[in-house]
Amino acid sequence: TRCNRYGGVVVGVLIAFYSVLTIRQNVYWSEPAAFYERTLRYAPLSRKAHYNLGMIYASADREEEAIGMLDRAIEMNPYHAEPYYSLGYIYYGAGRMEEAMDQFKKAIEIDPGHIRSLNALGAATVKTGKTNEAIVLFKKALELDEDYAPAHRNLAKAYYGKGEYRQAARH
């Protein structure tokens, strides 16, 4: 009957239309930076999209763009520790220790149990020549998780740098 034929044609056209849309969308999903850039066009107030795109830029050595995205994520929600930690990590990698330390401190202020920020703050503190202060930070991280390997490694390096080889060997 005629109705069945038209119904079949309509269903076929819809399937073809949605197939094309799906294929187009898969292109965006295959490239994370393009996905989040496109997401921000449609959801410019998405803190998570700004944060994720910042992290993608950071991993692609697009430092200034990463900093911009993370700053924007922080503006949108200044009460979340992770963007401060990530921003500090970028500054640390760029050798900008004071800026890195400021960001790690902000993360710890928001979340005193942010173990990665405690450890990273300790590592940056060592780089500024304040090894004893760094040791306190590493120990504080280990109070939160005695098995946290990065803090043990950094504590061992700090002790070794001071010539306290037995203490270094313990960690």
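**View 1. Helices α8 and α9 cross at roughly 155°.** In this predicted model, the axes of α8 (residues 131-144) and α9 come within 9 Å. Because an angle over 145 degrees counts as roughly antiparallel, α8 is roughly antiparallel to α9. The crossing of the two helices, α8 and α9, is left-handed.

**View 2. A closer look at the residues between α8 and α9.** From α8, the contact takes in Thr131, Ile135, Phe138, Lys139, Ala141 and Leu142. Facing them in the contact, α9 brings Ala151, His152, Asn154, Leu155, Ala158 and Tyr159. Sorted by class, the residues of this contact of α8 with α9 are eight nonpolar, three polar and one charged.

**View 3. The largest pocket, with a volume of about 290 Å³.** Here we turn to the pocket and its lining. Two or more lining residues come from each of α5 (81-93), α7 (115-127) and α9 (149-161). Helix α7 gives the largest share of the lining, six residues.

**View 4. The lining of the largest pocket, residue by residue.** In total, 17 residues line the largest pocket. Those that lie nearest its centre are Tyr92, Asn119, Ala120, Ala123 and Asn154. By class, the lining of the largest pocket holds 11 nonpolar, two polar and four charged residues.

Notes:
Residues are numbered from 1 along each chain as its sequence is written. This is a predicted model: local features need pLDDT of at least 70, side-chain atom pairs count only at pLDDT 80 or more; totals for chains, interfaces and linings use all residues. Side-chain values use heavy atoms; hydrogens and water are left out. On a 1 Å grid over the protein atoms alone, a cavity is a set of points where a 1.4 Å probe fits but cannot get out, and a pocket is an open set with protein on both sides within 12 Å along at least five of seven lines; lining residues have an atom within 4 Å of a point. Grid points are joined across faces, edges and corners, and a volume is the space filled by probe spheres set on the points. Helices (H or I, at least four residues) and strands (E, at least two) are DSSP runs, numbered from the N terminus. Ala, Val, Leu, Ile, Met, Phe, Trp, Tyr, Cys and Pro count as nonpolar, Asp, Glu, Lys and Arg as charged, and the others, Gly among them, as polar. Axes are lines fitted to C-alpha atoms, for helices over the stretch in contact, and angles run from 0 to 180 degrees between N-to-C directions. Angles under 35 degrees count as roughly parallel, over 145 as roughly antiparallel, 65 to 115 as roughly perpendicular and the rest as oblique. A crossing is left-handed if the near helix is turned anticlockwise from the far one by less than a right angle, and right-handed if clockwise. Contact means heavy atoms within 4.5 Å.
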